[in-house]
Amino acid sequence: MSVSTLQPLFKKELYEQYRTYRFFIALVIFLFLGISAPVITKLTPDLLKSLGGGIQITLPPQTATDALNSYLKNMTQLPSLVLILLAMGCIADERSRGTAVTVLTKPVPRSVFVVAKFLAYELTLLASLLLAAAGAYYYTKQLFEALPLGAFLLLNLGLFIFLTLSLAFTIFASALFRSSIAAGGLAFGGFLALALFPTLNSAVAQALPSVLFRAERVAQLLAGTAPLGDILKPIVIGLGLALGLIMLACIVFGHQEI
Amino acid sequence: MSIPEEVAIRCDGLRKIYGRLEALKGLDLTVPMHSIFGLLGPNGAGKSTTIKLLTRQIAPTAGRAWVVGVPISGQAADVRSRIGYLSEQPAFYPWMTGREFLDFIGELFGLSSGVRRQRRDELLQLVGLTGAARRKIGGYSHGMRQRLGIAQALINQPEVLILDEPISALDPIGRKEILELLAGLKGQSTVFFSSHILADVDRICDEIAVLHRGVLLAKAPTQALKEQYAQPMITIELETDANVLVSLLGQESYVQAVVVKGAEARVLVTDLALAKRCLPECLVNAHLPLLRYEVALPTLEDVFVRLIEKETALSGETT
């Protein structure tokens, strides 16, 4: 892989995300989801009381753990869809508009073209997730109590891998089709599969990063009683799957006619 | 297999099949180094397919090709670092400015920042885009995009410049400027371009090849092709109906056909020298009121039309 072309392509991808506001869209949505989790958790009893219309609703007092579970639920749903919408055309659109021809008739390996896009979106994902995590942590501390930092960081690492997997699948789909709509459709299918497979098979469930966000595993992590192997396994497998999908995207794109 | 240094492009039996369509049927072609070479043909002739194969956008179904001695299908030595390319409909990133785009392309070729800056400014001036260099490409006109496309194709000072219909979309002034620019590259780079604007190809090309339905019909220096294929012709315009010329000249040994349109007749001749000597005498003896007598110079258009007609007739005979 030629590092000399990776750097300008990576830089171009970042500029593109910046100039087309994709970077800011991701930051704002992630931050909103991060902050809204503890705030809505805090307000839920009052909201239910005001909507109850005289019906007596008794809720257990909301805790920092509830806010954390709400945050994890938020971050495993909408952000994947945001990533699909942002990245589904990253290769497909370049092929359909002809800019891929302009770039790939220069001495640019096709794998570098794909990897540069993946790395740029990874950076956007990382920045957005860090912002969301910082917002969630700060508001949880202000409204409830501080979460154990180690467990919170570990869960965010799990989220990063989980979302990386969605991103890698989207980029693979984008390399497969010339239409961004088709790529988005396949990526959405992949997202649904990632959500559904763990409910069908417990072995699959234990292997995917989403297992980390189950309430019982979160409780174990917060208590510091979660077995290290059970945490590392889905992280390593998720990372491996994401890298495998990117390699597959490089191979598929390498054999296509632009 | 080693390719001689004086050969810029060589194709040996290059074939490309798309599904049931054979777009290129075993192309054998040699383009000399430092020449300006025109690839002619009607729509669907296989011009763009040839160019896409040479620039590695698509893979050949069969056959081999070399550009500057480098095989197009090889991985070890990438031919793309030694060529410049402009597609038929060049596409750019609309959010970039012209300067940024050329800088980005320069980076892809591994040019240092100093060289990039220098080449970028030189090329922007060369294609007349210095004033628009800081504007976003999204706001460029079609002609400006075409000029930017030519600038990006030249940024690495390519040994071979491959251009797919580079002038078709330009206005007459733009065409003239770009043709002058391409002609100015003679001796520095090999220019290989496809076009269907025959007059433009005629103006600057040393050598041309004519493709039709994926088959190479002819390849030779432009002048040689004209001499070989263009039918000598004399145009005669009378004050009266020119039909009289059909009977007057039809039996002459040097006349192949007389095509009449109102007062004008086009006399296709087999021996131009003999016709030049005998035809004026015939007209004078017949006391015809002559308005115009003109020996038409053969054009590339004549060559092209004759070649295509010949091939169509041949393929009609065989089917």
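Two residues are in contact here if their C-beta atoms, placed from the backbone, lie within 7 Å. Keep in mind that this is a predicted model. By that cut-off, 19 residues of chain A are in contact with 20 residues of chain B. On the chain A side, the elements that give two or more residues are α1, residues 3-19, and α6, residues 99-104. Of the elements there, α1(A) gives the most, with six residues. By type, that side of chain A has six nonpolar residues, seven polar and six charged.

Now to helix α12 of chain A, residues 228-254. Its 27 residues, at 1.5 Å a residue, should span 39 Å, and the end C-alpha atoms are 39 Å apart, so the two agree. Which residues of α12(A) are buried? They are Ile231(A), Pro234(A), Gly238(A), Ala242(A), Leu245(A), Ile246(A), Ala249(A), Cys250(A) and Phe253(A). These buried residues pack against α7 (110-143), α8 (149-176) and α10 (202-207) of chain A.

The largest nonpolar core has 144 residues. Those touching the most other members are Val114(A), Ala168(A), Ile171(A), Ile246(A), Ala151(B) and Phe192(B). Take Val114(A): leaving out residues up to four places away in sequence, Val114(A) touches Ile91(A), Ile171(A), Ala175(A), Ile246(A), Ala249(A), Cys250(A) and Phe253(A).

Terms used:
Residues numbered from 1 in each chain as written. Chains lettered and ligands numbered in written order. Predicted model: local features only at pLDDT ≥ 70, side-chain atom pairs only at ≥ 80, totals over all residues. Helix = DSSP H or I, 4+ residues; strand = E, 2+ residues; numbered from the N terminus. Expected span 1.5 Å × (residues − 1). Buried ≥ 20, exposed ≤ 12 C-beta atoms within 10 Å, placed from the backbone. Core = buried A, V, L, I, M, F, W, Y, C linked by C-beta atoms within 7 Å. Nonpolar A, V, L, I, M, F, W, Y, C, P; charged D, E, K, R; others polar.
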